[in-house]
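Trainee: Could you walk me through how this fold is put together? I'd like to go contact by contact.

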Amino acid sequence: MKLTKTTCPYCGVGCGVLVTENAGKISVKGDPDHPANFGRLCSKGTALADTLGKATRLKHPVVDGVQVSWDEATSAVAERFSKVIEEHGPDAVAFYTSGQLLTEDYYVANKLMKGFIGSANIDTNSRLCMASTVAGHKRAFGADVMPGDYTDLEKADLVVLVGSNLAWCHPVLFQRLKAAKEKRGTKVIVIDPRRTETCDIADLHLPIMPGGDVALFNGLLNYLVETGHVDAKYVVSHVVGYSQALDAAQADAETLMVMAREHGIEKQVQAFFELFASTEKTVTVFSQGVNQAHDGTDRVNAITNCHLATGRIGQPGMGPFSVTGQPNAMGGREVGGLANMLAAHMAFAPEDVDRVRRFWKAPNIASKEGLRAVDMFEAVHSGKIKAIWIMGTNPAVSMPHTSRVRQALERCPTVVVSDCVDGTDTLDFAHIKLPAAGWSEKSGSVTNTDRTISRQRAFLPFTGEAKPDWKILCDVAQKMGWAEAFSFEGPSSFEGPSAIFNEHAALSAFENGGTRAFDISGLQHLSPEGYEELAPQKWPVRQQGSEARMFEWGEFATPDGRATMVAVTYKALPQKTSAAFPLLLNTGRYRDQWHTMTRTGLAPQLNGHRQEPLLEIHPKDAATYAVTDGGFVSLSSEQGSMTTRVHVTDSQQKGSVFLPIHWSKANAAAGSVGALIDQTRDPISQQPAFKATAVVLKPVTMPWRGFLWSRKDVKLPQQLAYFTKIQMADCSQLRLADTDEATSTLLAAALQDAYPDGDWLDFHETLSGTRRLALVKEGALELVFFAGADQKGTDSDWIASLFAQDVLDTADRMSLLAGRSKKAQPNKGPIVCACMQVGLNTIKDAVCSQGYKTAEAVGRAVGAGTSCGSCVPEITAIIKAVSNEKADHEIAA
């Protein structure tokens, strides 16, 4: 048995993971000694072992559609980039990287582009995630620094969650906060236009109006001044800009009053102000609802201003706290992986450029900022950038206005993509495809949200010919003529990453002398063995040791050592609704999925909770537009349109709708929600505003709906108005629907033509249009197709289970034609608890039959909510709904 300590590759919590390999079987559990999670894992982390299959991996280098050797592939990249640079200059090439890269990968990519190619055209998908926090922190603190750590959530008396569905997006932190609330009575306020699962532990939900964050926190600053809760001594000693920030806040006073009155939230606003003012130990947690906005940087500073004015920063249980979306967004920022940063938290001031030039021995170093993500792809679109290398990310899905990004990639003469997954939307545009090592195969480091550096360790051999990203980059750099600067290899599997990490640490120390907050000089002389055994620790790690808490003594990373309160004012949403586009579209994540599902989509247990993207809409809006729960709509913006199903819920604010971000052309007819999003950005951070796009919807009639289950991938013979695809244990499942009633018959005929071998079971009721087809080959089930006006009650789990049988018996064959099992087996319903695979019907039955009143009681009975706990808010909601149904029935009786 082999045990490996590594780090989870999903969100920025950075949970420690213990991987056990025993007789070829991989199992995963949380590391009880890791300071991020102390043994906890969310549903995604728990299912990591199910994502390690090789079927979807990119295994070999490909150039212009032909499989080639690595030498040919890296030579092609080097030659094509060199040719563009020679003919058009260094700014005609670009790298677009990812928070999925390890710090060592990021460091080499940044060094190659900025130091030796001589352009700063390297940006990252972290631009879509945390760029506004970076800009806000630099304005306030003088550096991109997270002030506190996770223990602050457990030491605070009040935690304010702003634009953060912590229960779904950072479940382990949610569980730590929930435990603290149960243990010490921590108050929790959720500020969010939507009533999310996080509200399950909230003492107050403030359903803020979309775009109102700056006005709200300026109002809080005014209240703190008026009620005498400003720490004048702290402000005088440690803060500049106080009077200017207050003047700006006072200018917003009337705006907030009008907004609160129009939205009926005056009491909630007042309660928030009073609780914040009276609670010294306050932490304000914020995430994408703050960052992904037209004024995201101002929102960050409006929050930070309130903490600086009260001196609530740098001490246990206090401070603004940005929770990061990706596992190594912080590490990428440390090495300089953003176009507006140089390296090691240095920017493009002449003295910084000179310092890094001398350290890298790079006379051609970039001396100015490069293009940020949206502008980078615009430059590809216009032809200014003629070669782009995309690493570990899927911009054809994740960027705003994806149709324009796709056009850009289609036009670009050289698109290089290095990824561990084959078949992504972005790979469709690649001239050169490079197989990168996956999470289980890579050795390096990552930095999480609270500045903890953790090791990621390989525990499986490379798949096919895959290589680590740093190695691919070094091979290309050497062929471009810079061999000496990019020779990091050694005899052990981790010696290359160890050498890169040491150089990264040495650069952080170079001519620092305490002037730069990012300093890991204490790690610059690690031996390969010391690097391999490196335990999690927070930076800064200077020669004298690690410092867990920043700004404890009121000294900030500015020339005069004082923080800045930045004057910010409310700015109305630029994406205004109108008669043509009367609704605001908000986007976000589902609990069990991650980014574009290239990893989580492989784990059957993660696909049951939300099997398709659902447009959430308030009941009054649903009535206005004549749409029903489970029905279909066409959703359009000025950028594009898509067809989606509807979920009617009063958790959604009237006038706004919500869609998840995960689906793409690879698994849905509609493709990416990014096709609807415009390119509005924060003017400072250049982060796109994904949370407020003006849209319109209209109902769509689907004469038939269906399912298609198949052991192997099936290419649909014709385009349908709607399909979504998920992976189940022994088959894939497609949900289908179309506006033409004839297409179900055409599809059935096409499937039979495509699979002439085997026995077809066929039930067709002409009057109702119901069709059931099943293909049996060599005794085993190969494919099932159901179609009809309504598919409610279809037991998908039962049908999927039939694919596990070696031989399909006569009873099951007859059951398939009947559309339901004749064997006694409960239909557990849609999955609620992914970890324990407990469905809605199972929970409802337990509550109804036993009268359980709490999620804990349900967990003891059926297991739901007893693993990661992410589903506990949903279980609580089910209990409440069942109780209300019983009450309604009793009243009616």
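This is a predicted model: local features need pLDDT of at least 70, side-chain atom pairs count only at pLDDT 80 or more; totals for chains, interfaces and linings use all residues.

Trainee: Which strands are the edge strands of the open sheet?

Mentor: Seven is the count here: 7 strands make an open sheet, with mixed pairing, in the order 5-4-16-15-14-6-7. Look for the ones that pair on one side only, and you land on strand 5 (66-67) and strand 7 (122-124).

Trainee: Staying at strand 5, which residue there is the bridge partner of Val 63?

Mentor: Strand 4 (residues 62-63) and strand 5 run antiparallel and are joined by 2 bridges. For Val 63, the bridge partner in strand 5 is Val 66.

Trainee: What angle does helix 17 make with strand 6?

Mentor: Helix 17 covers residues 373-382 and lies across strand 6, strand 7 and strand 14. Its direction relative to strand 6 is about 135 degrees.

Trainee: On to helix pairs: is helix 4 parallel, perpendicular or oblique to helix 14?

Mentor: The axes of helix 4 (residues 131-141) and helix 14 (residues 296-310) come within 8 Å, crossing at roughly 45 degrees. Roughly parallel would need an angle under 35 degrees, and roughly perpendicular starts at 65. That makes helix 4, relative to helix 14, oblique.

Trainee: And how do the residues of that contact divide into nonpolar, polar and charged?

Mentor: On the helix 4 side you have, among them, Ser 132, Thr 133, His 137 and Arg 139, and they meet a helix 14 set including Thr 297, Asp 298 and Asn 301. Sorting the contact of helix 4 with helix 14 gives 4 nonpolar, 8 polar and 2 charged.

Trainee: What about helix 8 and helix 12: is their crossing left-handed or right-handed?

Mentor: Helix 8 (residues 213-226) and helix 12 (residues 266-278) have axes that come within 10 Å and cross at roughly 55 degrees, so they are oblique to each other. The contact divides into 10 nonpolar, 2 polar and 1 charged. As for the hand of the crossing, helix 8 passes helix 12 right-handed.

Trainee: Last one: how many residues apart in sequence are the parts that Tyr 150 and Phe 321 tie together?

Mentor: The structure holds 26 aromatic pairs. Tyr 150 and Phe 321 form a tilted one, 6.0 Å centre to centre with 40 degrees between the planes. Tyr 150 sits in the loop between helix 4 and helix 5 (151-155) and Phe 321 in strand 13 (residues 319-322), so the separation in sequence is 171 residues.

Conventions
Residues are numbered from 1 along each chain as its sequence is written. Side-chain values use heavy atoms; hydrogens and water are left out. Axes are lines fitted to C-alpha atoms, for helices over the stretch in contact, and angles run from 0 to 180 degrees between N-to-C directions. Helices (H or I, at least four residues) and strands (E, at least two) are DSSP runs, numbered from the N terminus. Angles under 35 degrees count as roughly parallel, over 145 as roughly antiparallel, 65 to 115 as roughly perpendicular and the rest as oblique. Contact means heavy atoms within 4.5 Å. Ala, Val, Leu, Ile, Met, Phe, Trp, Tyr, Cys and Pro count as nonpolar, Asp, Glu, Lys and Arg as charged, and the others, Gly among them, as polar. Two strands pair if DSSP finds at least two bridges between them. Rings of Phe, Tyr and Trp (its six-membered ring) pair if their centres lie within 6.5 Å; planes under 30 degrees apart count as stacked, over 60 as edge-to-face and the rest as tilted. A crossing is left-handed if the near helix is turned anticlockwise from the far one by less than a right angle, and right-handed if clockwise.
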